[in-house]
Amino acid sequence: MIDHAHDLASVRAATERLLLAVGALDNAAVTEPSRLPGWSRGHVLAHLARNADALVNVLQGRPMYVSGKARDADIERGAPRPLDAQLADLRESAARFQEAGDAPADWSRTVELRNGVTDSASRVPFRRWVEVELHHVDLGIGYELEDLPAEFTEREIGFLADRFSGHPGVPPTRVTDGTRAWSTGREAGDGPEVTVTGSPADLLGWLAGRRDGSALTVDGGPLPALPPL
């Protein structure tokens, strides 16, 4: 059972960590490249703010974004802003998301995200938690996958394993940290099964496209190539 109230509290804590870390930067640092190809840190921060507002739209029954083109334009427009403007936008958009999340609602209802993707409203706070945590890492300012809360890492590995389940381009794959295990890819029996073993941080990094998987151990075949998220 997903506890949306717990996840909203986790989003709040993750956002405070992010704001504290970003607040230690300066205007020059905001313009420097992030770990995401083609994006500065300012792009990442602008995206995080607009994603909060987009998820408010989702919770309130509106389209997540007006269009993909409008989404990209908003990020490009927000990227060059100085640090104080970025911080204010992050803080204010995060407050709007929390307010929307605190409003009485049917959390079992189905909501629509981007590109026709649907999900339970109760999963929206976790999706925001993912955005805040992974993009904090993407900033490249000292917060690494190893620093993520253990609960978050375990749940995100499971979420991504589910996302790739049944994908015809991914062989039947067992993902394990030596204690816990997840299954992903095509149905078992449809081709050889591959076992991928590593630390939780390295498994998450590979599944989320943040690491190349070179630190992982693979048995039964090569490391599966994962489709883009």
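What follows is a tutorial dialogue on reading features in a predicted model.

User: Before we start, what ground rules apply to this predicted model?

Analyst: Residues are numbered from 1 along each chain as its sequence is written, and side-chain values use heavy atoms, with hydrogens and water left out. Since the model is predicted, local features need pLDDT of at least 70 and side-chain atom pairs count only at pLDDT 80 or more, while totals for chains, interfaces and linings use all residues.

User: How many helices and strands are there?

Analyst: Helices are DSSP runs of H or I with at least four residues, strands are runs of E with at least two, and both are numbered from the N terminus. Here you get eight helices and six strands. Along the sequence they come as α-α-α-α-α-β-β-α-α-β-β-β-α-β.

User: What share of the residues is buried?

Analyst: Buried means under 20% relative accessible area, exposed means over 50%, and partly exposed is in between, using a 1.4 Å probe and protein chains only. Of the 229 residues, 47% count as buried. For contacts, meaning heavy atoms within 4.5 Å, residues 24 or more positions apart account for 56% of those with a separation of 6 or more.

User: Let's zoom in on a helix. Is α8 mostly buried or exposed?

Analyst: Seven of its eight residues are buried, so α8 is largely enclosed by the rest of the structure. The buried ones are Ala-201, Asp-202, Leu-203, Leu-204, Gly-205, Trp-206 and Leu-207. Their cover includes α6, α7, β3 (173–176), β4 (181–184) and β5 (194–197). After α8 comes Gly-209, with a positive phi near 75°.

User: There's an Asp in that list. Which residues does Asp-202 touch?

Analyst: Asp-202 sits in α8, residues 200–207, and is buried at a relative accessible area of 16%. Leaving out residues up to four places away in sequence, Asp-202 touches Arg-211, Ala-215 and Leu-216.

User: Arg-211 makes me think of charge pairs. Which residue forms a salt bridge with Arg-211?

Analyst: A salt bridge needs a side-chain nitrogen of Lys or Arg within 4 Å of a carboxyl oxygen of Asp or Glu. The partner of Arg-211 is Glu-146, with the closest N and O atoms 2.9 Å apart. Glu-146 lies in the loop between α6 (124–138) and α7 (150–164), and Arg-211 in the loop between α8 and β6 (217–219), so the pair ties together parts that are 65 residues apart in sequence. Arg-211 itself is partly exposed, at 25%.

User: How many salt bridges does the structure hold?

Analyst: The structure holds 19. One of them joins Asp-89 and Arg-81 at 2.9 Å, N to O. Asp-89 is buried at 9%, while Arg-81 is partly exposed at 23%. Both belong to a network of salt bridges that links Arg-50, Asp-53, Arg-81, Asp-89 and Arg-96. Another bridge pairs Asp-72 with Arg-71, again with a closest N–O distance of 2.9 Å. In that pair Asp-72 is partly exposed at 42% and Arg-71 is buried at 14%.

User: Now the sheet. What is the strand order?

Analyst: Two strands pair if DSSP finds at least two bridges between them. The open sheet of four strands runs β4-β3-β5-β6, with mixed pairing. β4 and β6 stand at the edges, each with a single partner strand, so one side of each has no neighbour in the sheet. From one strand to the next, the twist averages 20°, where axes are lines fitted to C-alpha atoms, for helices over the stretch in contact, and angles run from 0 to 180 degrees between N-to-C directions.
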